[in-house]
Amino acid sequence: MTRFAARLAAGQFSGIRRPSGAARLQGGAAVLAALVSSAALLASAPRVEAHAIESSLTRATSLSNGLLLSSQFGSGQPTVDAKVSLIGPGGQAVALGRTDAQGQLSFALPKGASGDWDLQVDGGPGHRDYITMPVQAGQAQLDRLSGRELPGLADSLATLLHPGVLALGGLCGVAGVLIGLDRRRRRG
């Protein structure tokens, strides 16, 4: 018991009364009702989804030894004006440009490039896609591409605000309140 609670229980503070068991129970019931209604409200909220980016690479017909990047959001809309960079095996980054209105960008690899190169498509906060591209003697090995989407802030928030996660948090809060009320009741 804290020093303040002990002094309150001993009646050392005039004008401050310790609530009776019934008043504490009513207060706990009000908190419980607020938590349950908040959890129900949040669980019925529409699902929050971030726009994932899906990118692909093909050989460009207009460029000798060139590649064509096509990038779109999960909804099918093109990723317009996204910054595209090529990151070499040693970590050096080469800015390639920005995607056009169709979400495309044509580019060529550096002459004599070899190793694993990462292609980064940056469509803004939470909207990124990475493609690892094996390259041998300046030629991309398109049959060995591996794409991975790294979660950004928006993706993390979408996961945290998922109704199931919120409902579970509300239930844990309700359980905590009930346990606290039970402990207080047992202490008298």
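**Close-up 1. Ser75 in the loop between S2 and S3.** Ser75 is partly exposed, with a relative accessible area of 49%, where buried means under 20% relative accessible area, exposed over 50%, and partly exposed in between (1.4 Å probe, protein chains only). The residue is found in the loop between S2 and S3, strands being DSSP runs of E with at least two residues, numbered from the N terminus. Ser75 and Glu54 are separated by 21 residues in sequence, and their C-alpha atoms lie 9.8 Å apart in space. This is a predicted model, in which local features need pLDDT of at least 70 and side-chain atom pairs count only at pLDDT 80 or more, whereas totals for chains, interfaces and linings use all residues. Residues are numbered from 1 along each chain as its sequence is written, and side-chain values use heavy atoms, with hydrogens and water left out.

**Close-up 2. The open sheet of S1, S2 and S5.** Three strands form this open sheet in the order S1-S2-S5, with antiparallel pairing; two strands pair if DSSP finds at least two bridges between them. S1 and S5 stand at the edges with a single partner strand each, so one side of each is left without a neighbour in the sheet. Neighbouring strands of this sheet are turned by 25° against each other on average, direction ignored, the axes being lines fitted to C-alpha atoms. S1 and S2, which run antiparallel, are joined by seven bridges, and Ser56 has Ser70 in S2 as its bridge partner.

**Close-up 3. The largest nonpolar core and Met133.** A nonpolar core is a set of buried Ala, Val, Leu, Ile, Met, Phe, Trp, Tyr and Cys residues joined through side-chain atoms within 4.5 Å. The largest one has 19 residues, and those with the most contacts inside it are Leu57, Leu67, Leu69, Phe107, Leu109, Leu119 and Met133. At least two residues of this core come from each of the strands S1 (53-59), S2 (66-73), S3 (83-87), S5 (104-108), S6 (115-122) and S7 (128-136). Leaving aside neighbours within four places in sequence, Met133 is in contact with residues including Leu57, Leu67, Leu86, Trp117 and Leu145, where contact means heavy atoms within 4.5 Å.

Close-up 4. Eight bridges join S6 to S7, and the two strands run antiparallel; Asp116 has Pro134 in S7 as its bridge partner. The hairpin of S6 and S7 has five residues between the strands, and Gly124 takes a positive phi near 110° there. Seven of the nine residues of S7 are buried, so this strand is largely enclosed by the rest of the structure. Gln120, which lies in strand S6, counts as buried at 17% relative accessibility. The side chains of Gln120 and Tyr130 are joined by a polar contact of 3.1 Å, that is, a pair of N or O atoms within 3.5 Å, of which, within protein, one must be able to donate a hydrogen and the other to accept it, residues adjacent in sequence counting only if both atoms are side-chain atoms.

Close-up 5. Two bridges join the antiparallel strands S7 and S8, and Val135 has Ala140 in S8 as its bridge partner. Gln141 lies in the loop between strand S8 (139-140) and strand S9 (146-148) and is buried, with a relative accessible area of 19%. The side chain of Gln141 reaches the backbone oxygen of Gln139 at 3.0 Å.

Note on methods
Helices (H or I, at least four residues) and strands (E, at least two) are DSSP runs, numbered from the N terminus. Axes are lines fitted to C-alpha atoms, for helices over the stretch in contact, and angles run from 0 to 180 degrees between N-to-C directions.
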